[in-house]
Amino acid sequence: MRTAQKLLIFGLGMAAAAIGASAQTPDTRPVTLVVPIAAGGGVDIIGRQFAAKLSEQLNQPWVVENRTGAGGAIGIDTVAKATSDGHTLLLMETSSVLHKWLHRDVPFDVVADFAPVAQIATTPIILFSGPASPVSDLKSLIAYAKANPGKLTVGTPGIGTPHHLAALMFNVMAGVEITHVPYKGTTPALTDLLGGQIPLIWSTPNSLMQYVETGKIKPLAVASLSRIDILPDVPTVSESGYPNFDVTVWYGVSGPAKMPADVVARYGNAIAAVDKMPDVVQKLTPLGYNLRYFDNKQFADTIARDYARYGKLIRDAGIKPD
């Protein structure tokens, strides 16, 4: 009997030890980071940079998956409906809060359906002119657009993006009619700008600075309230006579709602560390990224604030969901 009891106690002890060891074993299963915009643009650039660094930081593979369509709504909805175990995440950016206001029948609630992890960076949106543009600055652009309504076109990375919102707001506030041409990402829009198929593009500076430096394209105006360090001579739309014109892109990581708090904290701490890495700062700052970490609560506040703020701007401008 005593032998049996000893065996039972030994067995229970081994099981408890195994459970404890299992609980302490780091999660090394791959994390899929869904980027809802096509490869090559600003969202993709920062997504891949952070995925590579987070793989090293967490000793856990982070794999970028570009899931495009509907201005990013398909990729966003994919993560909203994913299992909340922390292995499917979204590289969320400002367009996530715009879909409800610009489209009908949006299948996700950007506030209720996600667990924000951390904001990682911001970047401005800029209006660029290309080789086919008949204008050289914002003043001449507005004069030309008013004299030739509907003749000018402007490309964006897609319907429902912040760039789309900037194009809509500019038309309303400047009293012009510039035709919006949505693309499936920045890269095809840039290709057509350089090729002369379109004269204008709203874009973040991330993948365009090399063409600015060679004189192939020209920045006309910045959509944020303040000028930016990498283009100090380029005026803002706001200072050019259209006060409070402000559309800025932020980037952050979110997961499905009800993601475990310890997972959110683990990923958030790793993102904070990556944001401070000198090589990351050195690589991304010249491309126009402002590396700015917000924790999960601060990022949640940003999402809720911009959801309400842009919704009001869109409604006040009389823009209806399509």
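**View 1. The bridge between T153 and T179 in the predicted model.** T153 has T179 in β7 as its bridge partner. Strand β6 (residues 153-156) pairs with β7 in the parallel sense over four bridges; two strands count as paired if DSSP finds at least two bridges between them. Strands (E, at least two residues) and helices (H or I, at least four) are DSSP runs, numbered from the N terminus. This is a predicted model, in which local features need pLDDT of at least 70 and side-chain atom pairs pLDDT 80 or more, whereas totals for chains, interfaces and linings use all residues. Residues are numbered from 1 along each chain as its sequence is written, and side-chain values use heavy atoms, without hydrogens and water.

**View 2. The open sheet of five strands.** The strand order is β7-β6-β8-β5-β9, with mixed pairing. β7 (179-182) and β9 stand at the edges with a single partner strand each, so one side of each has no neighbour in the sheet.

**View 3. Helices α5 and α7 against the sheet.** Helix α5 (residues 138-147) lies across β5 (126-129), β8 (200-203) and β9, at about 85° to β9. Helix α7 (residues 186-195) packs on the sheet and touches β5, β6 and β8, its direction making about 155° with that of β8. Contact means heavy atoms within 4.5 Å; axes are lines fitted to C-alpha atoms, for helices over the stretch in contact, and angles run from 0 to 180 degrees between N-to-C directions.

**View 4. D105, a residue with positive phi.** D105 is not a glycine, yet its phi is near 55°. D105 lies in the loop between α4 (99-102) and β4 (114-124).
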